[in-house]
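Subject: Handover of a structure, with notes

Dear colleague,

Please find below the structure that I am handing over to you. My notes on it follow directly after.

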Amino acid sequence: MKRVYKLVPRWSAQQLAILEDLAFHTTKLYNIANHLCREVGFRSYVKLEKELKSNWHREYLHSHTYQHCLKMVEQNWKSYFAASKDFKKNPQKYRGTPQPPGYKHGARRKNEIIFTNFAIRVQENVLKLSLSKKMQERHRVDCFSIVTHPGNLPIDVSALQQIRLQWRNRIRTWEMVMIYQKEEKKLPATFTNLMSIDLGVNNLAAVTFLEGDDTYLINGRPLKTKNSYYNKEIARLTSIAMKQTGKREDFVRTHRIRSLQGKRNRYVQNFLHQASRKIVDLALKHHIQIPHARFVDLITYTAKLLGITVVKQNEAYTSGCSALDEEKISKKAYASKRRIHRGLFLFNAGFKINADGNGSLNILRRYLNGKGSPVLIQSARDNGCLKHPKCILVV
């Protein structure tokens, strides 16, 4: 499986100069190739490569960087054709008519710089990206060097397949995207348990099992609080900036606003990554083969790396039907009033369970479709009560 690791290095003045030079030539080359496709007609990568073989921008780009720039033009046009074809069949899926690929902008929409594994090498903790002879002479370097610290880089650099340097206009800096290969594992045949996950807001995830009477709740309040803080602060700063400009059309996001937006996005992404890792760790601990329910993509690919199969399940009416009473999950049995204060669900026998845990059990029951019953349900009937959920904090 291909995985991605992103980071924003502290670029030196020389590194920034090289990046800007490379971005200028790859952006111009992309626009020239795109112009040919827009004005003359679509060209494949092979045809573009032949027609632009003598273009002077090519001299400043490494062969692999040059080739991937033209391949990107071809890929974008093929995506446009596929979207246009699908639009005719399913126009409701789109906000508007798909448009041909636009041009890149030298300041705001710089084209990404791509290095393949043939242009990447590592020597004594230094990542070296190959440059063309023209660029080497111009900047008096033999390659584009990035010092790496193995302890701070949680990937195997020997497995790198691509490095993409992308301009992030919101934070006004270059981001390094490292694409690498990681082998998927195979689980033992003894892993036959099932996990059900119901995602929410205050409880980011409620986890129950087919075999086992434990219930876990992933606390989502820190994420909710932090996101609310960033949104309010961004709104406050936006209001100030709007008053300073006077006109809405003259408004430009300040450095502080862009910085907060970047921090919020990185915090949310990091929180979800850590939460997905904790859920998959629970799956391994309980010998899970098929976790299912409302999954996010982060959980999906993290689970897949460890050989855990992911199944998405329809959750209609699961929140208002009684799992311990084994009611049929349907509109007829659905009763939202049984979800009472403090996120509790009231069963027919009179005792209460965490409402998200009840929803998770019902998702599991819907998946089983009468072919079995979670151990937690039988345990509650035998003991007359449920074990308290274990709350997991994401740090």
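Does Glu327 count as buried or exposed? Because its relative accessibility is 17%, Glu327 counts as buried; buried means under 20% relative accessible area, exposed over 50% and partly exposed in between, with a 1.4 Å probe and protein chains only. Glu327 lies in the loop between helix 7 (297–305) and strand 12. Helices (H or I, at least four residues) and strands (E, at least two) are DSSP runs, numbered from the N terminus. Not counting residues up to four places away in sequence, Glu327 touches Cys321, Ser322, Ala333, Arg338, Asn348 and Arg365, where contact means heavy atoms within 4.5 Å.

Basis of the notes

This is a predicted model, in which local features need pLDDT of at least 70 and side-chain atom pairs count only at pLDDT 80 or more, while totals for chains, interfaces and linings use all residues. Residues are numbered from 1 along each chain as its sequence is written, and side-chain values use heavy atoms, with hydrogens and water left out. The pLDDT, which is the predictor's confidence in each residue from 0 to 100, averages 85 for the protein, and 95% of the residues score at least 70. Among the elements, helix 1 has the highest mean pLDDT (95) and strand 11 (residues 288–293) the lowest (58).

Overall picture

The protein has 9 helices and 15 strands. Its C-alpha atoms fill a box of roughly 80 × 60 × 45 Å along the principal axes. Of its 395 residues, 45% are buried. Among contacts between residues at least 6 apart in sequence, 62% join residues at least 24 apart.

The nonpolar cores

A nonpolar core is a set of buried Ala, Val, Leu, Ile, Met, Phe, Trp, Tyr and Cys residues joined through side-chain atoms within 4.5 Å. The largest one holds 44 residues, of which Leu127, Leu129, Phe144, Ile163 and Leu165 touch the most other members. Elements that each supply at least two residues of this core include helix 1 (13–39), helix 3 (63–89), strand 4 (126–129) and strand 6 (160–168). Helix 1 gives the largest share, 9 residues. Apart from this core lies another, of 23 residues, among them Met195, Val207, Phe209 and Val394.

Leaving aside neighbours within four places in sequence, Phe144 is in contact with Trp11, Gln15, Ile18, Leu19, Leu127, Lys128, Leu129, Leu131 and Leu165.

Strands that supply this core

From strand 4, Val126 and Lys128 point one way and Leu127 and Leu129 the other, and all are buried. Strand 4 pairs with strand 3 (residues 120–123) in the antiparallel sense over 4 bridges; two strands pair if DSSP finds at least two bridges between them. Ile120 stands opposite Leu129 in that pairing. The two strands form a hairpin with 2 residues between them, and Glu124 in the turn has a positive phi of about 50°. Strand 4 also pairs with strand 5, again antiparallel and over 4 bridges, and here Leu127 stands opposite Ile146.

Strand 6 runs antiparallel to strand 2, joined by 4 bridges, and the partner of Phe115 in strand 6 is Ile163. Strand 6 and strand 7 pair in the antiparallel sense over 8 bridges, with Met176 in strand 7 as the bridge partner of Leu165. These two strands form a hairpin with 4 residues between them, in whose turn Arg172 has a positive phi of about 55°.

Helix 7

The buried residues of helix 7 are Leu298, Ile299, Thr302, Ala303 and Leu305. Seen down the helix axis, they fall within an arc of 155°, so they line one face of the helix; the arc is that of the directions from the helix axis to the C-beta atoms. Strand 1 (2–7) and helix 6 (255–285) are included in what covers these residues. Gly307, with a positive phi near 85°, follows helix 7.

Strand 13 (residues 344–346) and strand 14 share 3 bridges, and Phe345 stands opposite Ile353 in strand 14.

Yours sincerely
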